[in-house]
Amino acid sequence: LTQQSTAPRRTPWPAMTVVIGFEGSANKIGVGIVRDGVVLSNPRRTYITPPGQGFLPSETARHHRGVVLTVLKEALQQAGLTPADIDCVAYTKGPGMGAPLVTVAIVARTVAQLWRKPLLGVNHCIGHIEMGRLITGATNPTVLYVSGGNTQVIAYSERRYRIFGETIDIAVGNCLDRFARVIKISNDPSPGYNIEQMAKKSSRFVELPYTVKGMDVSFSGILSFVEEMAHKLLGSGECSAEDLCFSLQETVFAMLVEITERAMAHCGSQEVMIVGGVGCNLRLQEMMGVMCAERGARLFATDERFCIDNGAMIAQAGWEMFRSGQVTELKDSWITQRFRTDEVEVTWRD
């Protein structure tokens with residue numbers, strides 16, 4: 001049996017290709033420009049709320065609307081380009097928060113029409129993967145994608161990025177962010193970063209629930225448990241906030257390392273690549289590195305410039321798609337809040 005292609009229609013491309021990418025699926029708005037595997041610019045802005053508060057879709061979208069044109073101008077200026085130099089406009093189609101996604105999609109559609117350029121809707125998760133592959137040089141890794149909205153173990157097979165394991169409830173980044181709100185950790189620059197810094201000040205491990213179900217993980221139970229523990233113990237002095245940050249990190253990261261190793265064994269892989277905002281965490285990289293060393297495998301990771309949501313990752317994925325002949329018709333340029341990684345036909349890889 002042959003599977004019918006679901007890729008958008010194909011179009012010719014220039015010898016040197018410049019793609020501009022718009023990202024705004026959560027609390028970061030970014031515009032990046034990539035030319036044939038070189039990141040020319042990648043400015044972004046982050047919507048930061050007070051300690052103890054998350055970010056609502058409507059307020060996040062309002063923030064993005066207020067700064068997106070400024071970020072667009074910065075991207076062009078830093079790259080030293082004009083709209084005439086752009087060959088394709090890419091934007092995040094999903095997954096993500098509805099209102100911010102719509103805001104960015106409207107800007108990208110408008111820019112594409114004003115500049116008379118082709119448009120491309122990009123899967124956010126695949127943007128992370130393609131940026132990771134570009135920056136690290138990993139060839140065919142098992143991918144751990146960890147962020148505020150997603151937790152997946154992924155590997156490429158037969159023109160798809162296949163999901164071998166994932167969270168069955170909330171994402172690991174969401175777990176960390178919500179715990180940060182309970183103990184009133186600052187959201188600047190991000191809750192996860194501040195948890196990481198607090199965890200470095202403790203080595204006292206408090207046992208927490210550990211929930212791995214085959215290739216999948218669950219974080220809602222551990223979040224409820226540690227939240228209750230925080231309310232009980234922090235006031236009594238039996239446990240410090242640093243102790244809980246340390247214990248939470250150690251537990252959830254051990255779960256992630258376990259399912260990643262299981263996926264590696266299943267795929268016969270000797271490479272691991274961590275992508276997504278939580279992938280910046282040095283302790284996660286350290287724990288994954290120990291596992292890889294024991295298996296004789298290689299670990300690939302990036303820093304906050306490229307693992308945190310950014311426009312260049314959408315531009316890079318768009319560059320790959322455009323070079324393989326894809327474009328998105330204007331009538332098909334909607335957004336999809338639940339856009340799974342394995343729904344995309346990967347036309348640019350063998």
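Student: Which residue stands opposite V89 in β6 of this predicted model?

Tutor: In this predicted model, β5 and β6 pair in the parallel sense over five bridges. Within that pairing, the residue of β6 that stands opposite V89 is L119.

Student: Which helix does the chain pass through on its way from β5 to β6, and what is the handedness of the crossover?

Tutor: The two strands pair in the parallel sense, and the chain crosses between them in a β-α-β crossover. The helix passed on the way from β5 to β6 is α2, and the crossover is right-handed.

Student: How many of the five residues of β6 are buried?

Tutor: In general, the side chains of a regular strand alternate between the two faces of the sheet. In β6, one side has L119, G121 and N123 and the other has L120 and V122, with both faces covered. The strand is largely enclosed by the rest of the structure, because the number of its residues that are buried is five of the five.

Student: Where is R116, and is R116 buried or exposed?

Tutor: R116 belongs to the loop between α2 and β6 (119-123), and its phi is near 60 degrees, a positive value in a residue other than glycine. Exposed means over 50% relative accessible area, and R116 has 76% relative accessibility, so R116 counts as exposed.

Student: What is the phi of E158, and where is E158 placed?

Tutor: E158 is exposed, at 66% relative accessibility, and its phi is positive although E158 is not a glycine. Its place is in the loop between β8 (151-157) and β9 (160-166), and its phi is about 50 degrees.

Student: Which residue is joined to P95 by a cis peptide bond?

Tutor: P95 lies in the loop between β5 (88-94) and α2 (98-115). The omega of the cis peptide bond is about 0 degrees, and the residue joined to P95 by this bond is G94.

Student: Within what arc do the buried residues of α8 fall?

Tutor: An α-helix has 3.6 residues a turn, so residues three or four places apart point the same way. The buried residues of α8 are L284, Q285, M287, M288, M291 and C292. Seen down the axis of α8, these residues line one face of the helix, because they fall within an arc of 165 degrees.

Student: Which exposed residues does α8 carry on the face turned away from its buried side?

Tutor: The buried residues of α8 are covered by parts of the structure that include β7 (142-146), α7 (241-267), β12 (271-275) and β13 (298-300). On the face turned away from that buried side, the exposed residues are L282, A293 and E294.

Student: Which residue caps the N-terminal end of α8?

Tutor: Helix α8 spans residues 282-295 and reaches 20 Å from its first C-alpha to its last, close to the 20 Å expected. At its N-terminal end, a side-chain oxygen of the capping residue lies 2.9 Å from the backbone nitrogen of R283, and the residue that provides this cap is N281.

Student: What residue follows α8, and what is its phi?

Tutor: Helix α8 has 14 residues, and the residue by which it is followed is G296. The phi of G296 is positive, near 70 degrees.

Note on methods. Residues are numbered from 1 along each chain as its sequence is written. This is a predicted model: local features need pLDDT of at least 70, side-chain atom pairs count only at pLDDT 80 or more; totals for chains, interfaces and linings use all residues. Side-chain values use heavy atoms; hydrogens and water are left out. Helices (H or I, at least four residues) and strands (E, at least two) are DSSP runs, numbered from the N terminus. The expected span of a helix is 1.5 Å times one less than its number of residues. Buried means under 20% relative accessible area, exposed over 50%, partly exposed in between (1.4 Å probe, protein chains only). The arc is that of the directions from the helix axis to the C-beta atoms. Contact means heavy atoms within 4.5 Å. A polar contact is a pair of N or O atoms within 3.5 Å; within protein, one must be able to donate a hydrogen and the other to accept it, and residues adjacent in sequence count only if both atoms are side-chain atoms. Two strands pair if DSSP finds at least two bridges between them. A crossover is right-handed if, with the strands pointing away from the viewer, the path from the first strand over the helix to the second runs clockwise.
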